[in-house]
Amino acid sequence: MKIGLLGFGVVGKGVYDLVKERTDMQVVKVLCRRDLTLPDAEVTHNFDTILNDSTIDTVVETMGGLHPAYDYVRAAIEAGKNVITANKALVATFYDELLPLTEGKNVMLRCTAAAGGGIGWLSELERALRIQVIQQVSGIMNGTCNYILDSMTRLGLTYTDALTKAQSLGYAEADPTTDIDGIDTWHKLILSANVAFHISIEKDTIPVAGIRHIKASDIDNFKAHGLVCKLVATGKQNGDSVSAYVQPTLVPMGAPESAVPANCNRIAFTGSVSGPMSFFGQGAGRYPTAYNVVQDCADVLSGKGFYCSYGHKLPAVNQDSLCYYVSGSKDAWLQENCRETWGNAVVTKSVTVEAMHKWLSDHPGTFIAALPVSTS
Ligand SMILES: NC(=O)c1ccc[n+]([C@@H]2O[C@H](COP(=O)([O-])OP(=O)(O)OC[C@H]3O[C@@H](n4cnc5c(N)ncnc54)[C@H](OP(=O)(O)O)[C@@H]3O)[C@@H](O)[C@H]2O)c1
């Protein structure tokens, strides 16, 4: 396999290092913006030198962002090159464009590192689907949020101090918006649901609430009730419809999710034959992520394409009823639906996920978290 590597940052450099140790694949050209010299690969600032190199059969995209990453990946597929990417935003956003583009061509697309980073989650889903129907995908899919929530819970840090520490350790970006507002988890849920339920979920029907507005007083409230807060993605197949949402979720202390430490991920599926199975590990980081990119290269070499064929479009229908912890805003609707108060916060009666998120969209600055189903 002759590889054109797009990007030489955290993941790209990791891929380069791992491929260097192998005889079945070789990085021939590297695209990046800065000046760089490599002993065994040509460095270019111009994607066309990779696109027009007929010896390159596979493009590995580790640049990030939507453009020009999408334009390059699309051009590579159209030119008959395999594409492996770690870019969840790219595949989740352009799923309806990229999947049909590969079909009917002898071109492979894989993106295992895009969801779960170092956990081979999408390839596990692919294996699971060979012998069973997947009823649910769920879990903690963002290491940055888990690090912040874990530091607030176990170490008693404020939100700001936990975020600053995550940034100093390289777990959070200088602009942490994508992580803390749940967008990164949303992208991973879109990909997971598409593969698990063999659909193309209508993205805008998946509500997302992040952790930006959580306070130390919220953590104190949760502790007083034996609960721990995690940012959880949920996708469920209910007959012909699917529900999917991303939101802070309270789990009982002692439940497996409550113990997920630092920047780790824990993702699970429920299968019709296997029942629940969960996968734990590093959701990010140079070598854990590069490991799954190189696994994809090996899979492509053995003839494996995307995890599933392109599925039908489907909106999420979020009629699950849950009780919610709400802090930071009050109004007549909340008073009407109040089951009890925890300090200054309200715990609602059972309301639909759809109704809660609709209310939240009219109340910016508010923090919500779903209570465990047993207490809903
Ligand atoms: N970091 C992780 O642990 C992790 C885990 C899972 C998935 N991912 C995904 O992997 C992708 C890459 O992440 P990363 O952390 O490796 O990013 P990064 O460290 O910022 O590296 C990005 C690289 O791409 C190059 N690049 C960006 N835009 C470019 C352009 N327009 N033209 C040429 N080169 C360009 C940059 O070049 P210069 O340095 O020369 O500017 C840099 O080498 C993202 O999609 C991310 O979501 C990352």
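**Exercise: S309**

Locate S309 among the secondary-structure elements, then classify its accessibility.

Solution. S309 is placed in the loop that runs between α12 and β13 (312-314). Here helices are DSSP runs of H or I with at least four residues, strands are runs of E with at least two, and both are numbered from the N terminus. The model is a predicted one, in which local features need pLDDT of at least 70 and side-chain atom pairs count only at pLDDT 80 or more, while totals for chains, interfaces and linings use all residues. Residue numbers start from 1 along each chain as its sequence is written, and side-chain values use heavy atoms, with hydrogens and water left out.

Next, take the accessibility. S309 counts as partly exposed because its relative accessibility is 39%. The classes are buried for under 20% relative accessible area, exposed for over 50%, and partly exposed in between, with a 1.4 Å probe and protein chains only. Finally, compare sequence and space: S309 and N194 stand 115 residues apart in sequence, and their C-alpha atoms are 9.8 Å apart.

**Exercise: the ligand shell**

Which residues come nearest to the ligand, and how many of each class make up the shell around it?

Solution. Start with the shell. There are 20 residues around the ligand, and F8, V11, R33, R34 and G285 come nearest. A residue belongs to this set if one of its heavy atoms lies within 4 Å of the molecule. Then sort the shell by class: ten residues are nonpolar, seven polar and three charged. In this scheme Ala, Val, Leu, Ile, Met, Phe, Trp, Tyr, Cys and Pro count as nonpolar, Asp, Glu, Lys and Arg as charged, and the others, Gly among them, as polar.

**Exercise: backbone contacts and cover of the ligand**

List the backbone distances of F8, V10 and G285 to ligand oxygen atoms, then state how much of the ligand the protein covers.

Solution. A backbone N or O atom of F8 is 2.8 Å from a ligand oxygen. For V10, the distance from a backbone N or O atom to an oxygen of the ligand is 2.9 Å. A polar backbone atom of G285 lies 2.7 Å from a ligand oxygen. On its own the ligand has 900 Å² of accessible area, of which the protein covers 76%. Accessible areas come from the Shrake-Rupley method with a 1.4 Å probe; for residues, only the protein chains shown count as cover.

What is omega of the peptide bond between H67 and P68, and what is phi of H198 and of A262?

Solution. As background, most residues other than glycine have a negative phi, and most peptide bonds are trans.

- H67 and P68 are joined by a cis peptide bond with omega about 10°. P68 sits in the loop between β4 (58-61) and α3 (69-78).
- H198, a residue other than glycine, has a positive phi near 55°. Its loop lies between α10 (183-197) and β8 (199-201), and H198 is partly exposed because its relative accessibility is 36%.
- A262 also has a positive phi, near 45°, in a residue other than glycine. Its loop connects β10 (241-252) with β11 (264-271), and A262 counts as partly exposed, at 25% relative accessibility.

**Exercise: K105 and T352**

Which backbone atoms do the side chains of K105 and T352 reach?

Solution. K105 is located in the loop between α5 (95-102) and β6 (109-110). Its relative accessible area is 37%, so K105 is partly exposed. The K105 side chain reaches the backbone oxygen of L101 at 2.5 Å.

T352 belongs to strand β18 (residues 351-352) and counts as buried at 19% relative accessibility. The T352 side chain reaches the backbone nitrogen of A355 at 3.0 Å.

**Exercise: D296 and L371**

Are D296 and L371 buried or exposed?

Solution. D296 is part of helix α12 (residues 286-301). Its relative accessible area is 1%, so D296 is buried. Between D296 and T23, 273 residues apart along the chain, the C-alpha separation is 16 Å.

L371 lies in the segment after β19 (367-370). L371 is buried because its relative accessible area is 3%. L371 and L163 are 208 residues apart along the chain, with 24 Å between their C-alpha atoms.

Conventions. Polar contact = N/O pair within 3.5 Å; in protein donor to acceptor, adjacent residues only side chain to side chain.
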